[in-house]
Amino acid sequence: MPSLIAKSPLDGKSLTMGGVTLAEAVPGPITSVAPFAGREAELSQALRSLGLSFPAPNTFNESSGDLIVWTGRDQAFLIGPLLEGLPAATTDQSDGWAALSVSGPDAAAALMRLIPLDLRVAAFPPGRAARAPLNHMAAVIWRDGEGFTLLVFRSMAQTAWHEIETAMKALAARAAVGA
Amino acid sequence: MRLNCPLCGPRDRREFYYYGSEDYLNRPAEGAAPQAWDDYLHLRDNPAGVTKDLWYHELGCASWLRVTRNTLTHEILATELVADLKREATA
Ligand SMILES: [Zn+2]
């Protein structure tokens, strides 16, 4: 197959304001993995060869740069490796999503203006993930070190960026007036 | 109003799409009498009290839920995965 030039949804841009940095993330190929009924153990075995395990609801795990995140009932996104012949329904989702990294000390505060979950580290510690709305947009979110990685539909990339940037501005403005 | 999704935890009503009575889970068998299809498609109870209906977690895990709730008190009594109900029914 010819190798085409992939264009990322947000041109690799990034923005720092107050205690938050928003940047496009490039997580690598995304494969949706939905285990075939009764073959979950076989799938776990295959994932173990990568140091991964099929994630429980609201969790993710990673190993040497590969990551697998829960995205719904009996479904996860495998991000990084391409595996052939898994005992699961697999679809390539790579071009369907935009990935955003939100980091810095106020990352949770900015995102909690848009996502109706407690994202503070006590409630959303390392290893946690969720399916949740980012305002009106369907999103996948997981804790990435001190920050978060989010996936939104690629068609929503600019909207998601705008929403998060607006939340960052509001937070920075409050900090500026000492509120 | 909040629904406790068995997978995602307690979530706001706006994350869910309402589909109506759980009657839709009981599809008549092929060749059933026209009256059974009429019931299935059109006839619904309208209880003042406990009712069971279907909700879809569209901004969450994309699961169908059966919610047991009280239309008088707005109490949510149970939320279950339709997939689990079907699994139990066939097990
Ligand atoms: Zn859910």
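Modeller: Quick convention first: Lys and Arg count as positive and Asp and Glu as negative, with His and the chain ends not counted.

Colleague: OK, so how far apart are the mean positions of the positive and negative charges of chain A?

Modeller: They sit 7 Å apart, for 13 positive and 16 negative charges, each placed at NZ of Lys, CZ of Arg, CG of Asp or CD of Glu. Mind that this is a predicted model, where local features need pLDDT of at least 70 and side-chain atom pairs pLDDT 80 or more, while totals for chains, interfaces and linings use all residues. Residues are numbered from 1 along each chain, chains are lettered from A, and side-chain values use heavy atoms, without hydrogens and water.

Colleague: Switching topic, how many helices and strands?

Modeller: Chain A has 3 helices and 11 strands, taken as DSSP runs (H or I, at least four residues; E, at least two) and numbered from the N terminus.

Colleague: And strand 11, is it buried or exposed?

Modeller: Of its 7 residues (147-153), 6 are buried, so strand 11 of chain A is largely enclosed by the rest of the structure. Buried means under 20% relative accessible area, using a 1.4 Å probe and protein chains only.

Colleague: Which strands pair with strand 11?

Modeller: Among them are strand 8 (residues 97-103), antiparallel over 6 bridges, and strand 10 (residues 137-144), also antiparallel with 6 bridges. Pairing takes at least two DSSP bridges.

Colleague: What about the hairpin of strands 10 and 11?

Modeller: There are 2 residues between those strands, and G145(A) takes a positive phi near 60°.

Technical notes: Buried < 20%, exposed > 50% of the residue type's maximum accessible area, 1.4 Å probe, protein only.
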